[in-house]
Amino acid sequence: MDLLNTLVDKGLRRELPTRDEALAVLATSDDDLLDVVAAAGKVRRHWFGRRVKLNYLVNLKSGLCPEDCSYCSQRLGSTARILKYTWLKPGQASDAAAAGVAGGAKRVCLVASGRGPTDRDVERVSETIKAIKDNNEGVEVCACLGLLSEGQAERLREAGADAYNHNLNTSEATYGEITTTHTYEDRVDTVQKAHAAGLSACSGLIAGMGETDEDLVDVVFSLRELDPDSVPVNFLIPFEGTPLGKEWNLTPQRCLRILAMTRFVCPDVEVRIAGGREVHLRTMQPLALHLANSIFLGDYLTSEGQAGKADLEMIADAGFEVEGTDQVTLPEHRASGGCGEGGGGCGSQESGGVCGSAGTEAPPRADEARTDLVAVRRRGAGTDLAPNA
């Protein structure tokens, strides 16, 4: 396809595709899907080889958020039966992080529910960052604490944070339909504060909330303009008890096209398959590794992912290798820019899922609601059970 040859050439030159070209990727047929994956895979391998960066989430404070983000199980008014607990102590968070590092994670993502941190919260997280770095040599730490006030990004950087995550989630035009308690501009401002403080900025999106192809292209083009080091791509998990609990709009093929479009628009950026890969990509997850160079290991914030051992086996079986702590994530021209080594998609929407057991019933359609794959996290941080890593 002339389109794909053009996009590969542009990706190797870090040249921005046109909006029409990006839309055309999303409009390709299932018959052309493997060609799309192969083309985007050339761009991915040019900049990142066959390395896969592993990241591990630690939910520092779960539930009871005053914001009304429609996709979130921790939102104001959510009746999802998730774990709810207040701040983990630094030692507890460090122990949780150690499980992920032992499983192969290079980056630990510290996430807390809420509109944004108080100065006391920043102090608390700073103590946690120190505890993690003291106990885990070479680990990177990314914080995701919501909207930042003046000076807070600088304090986190001084405490040893490597990155800060705050996702745009959806297009500016439709943001007000998803969240009303803060604005799209608030989110942009926080990403810019992280950049200005010298943190590696991480910002991504959530697909599957009823958005159009134009919305997806809009948000990815906006992310390109913001120039984060990392772009996590989340796929909505429709939690029962949230306003989007009945939104099942994704197929594995659609997810792959979204990841490919993101790679073409952001060729030299760490593209993360974040929340929802188990639920929506399912058996197509290995193909997605040809598009993205980063995933989460184990569980998510409020839901379970596939077993950490299965993640590692998938990476090896697909012919990829886990990125080591001695390897720099980003290409030299980005890594030398003073913004750290690459972002983690720490603020992934609360998602995940475990694979259901095989049975004798007919297999589900690709676009059928798979509520059986949505499992609330009941282990790891905030519980007495061992984490999944």
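**Close-up 1. Strand S1 at the second largest cavity of the predicted model.** Strand S1 (residues 51-61) gives the most to the lining of the second largest cavity, contributing 4 residues. The model shown here is predicted. Sorted by class, the lining of the second largest cavity holds 8 nonpolar, 3 polar and 3 charged residues.

**Close-up 2. The buried face of helix H6.** In helix H6 (residues 152-159), the buried residues are Gln 152, Ala 153 and Leu 156. Viewed down the axis of H6, these buried residues fall within an arc of 100 degrees, so they line one face of the helix. Just after H6 comes Gly 160, which takes a positive phi of about 115 degrees.

**Close-up 3. Ser 303 in the loop between strand S9 and helix H13.** The loop that holds Ser 303 runs between S9 (294-296) and H13 (308-317). Ser 303 counts as buried because its relative accessibility is 0%, and the cut-off for buried is under 20%. Val 219 is 84 residues from Ser 303 along the chain, and the C-alpha atoms of the two residues are separated by 25 Å.

Key. Residues numbered from 1 in each chain as written. Predicted model: local features only at pLDDT ≥ 70, side-chain atom pairs only at ≥ 80, totals over all residues. Heavy atoms only, no water. Helix = DSSP H or I, 4+ residues; strand = E, 2+ residues; numbered from the N terminus. Buried < 20%, exposed > 50% of the residue type's maximum accessible area, 1.4 Å probe, protein only. Nonpolar A, V, L, I, M, F, W, Y, C, P; charged D, E, K, R; others polar. Arc of directions from axis to C-beta.
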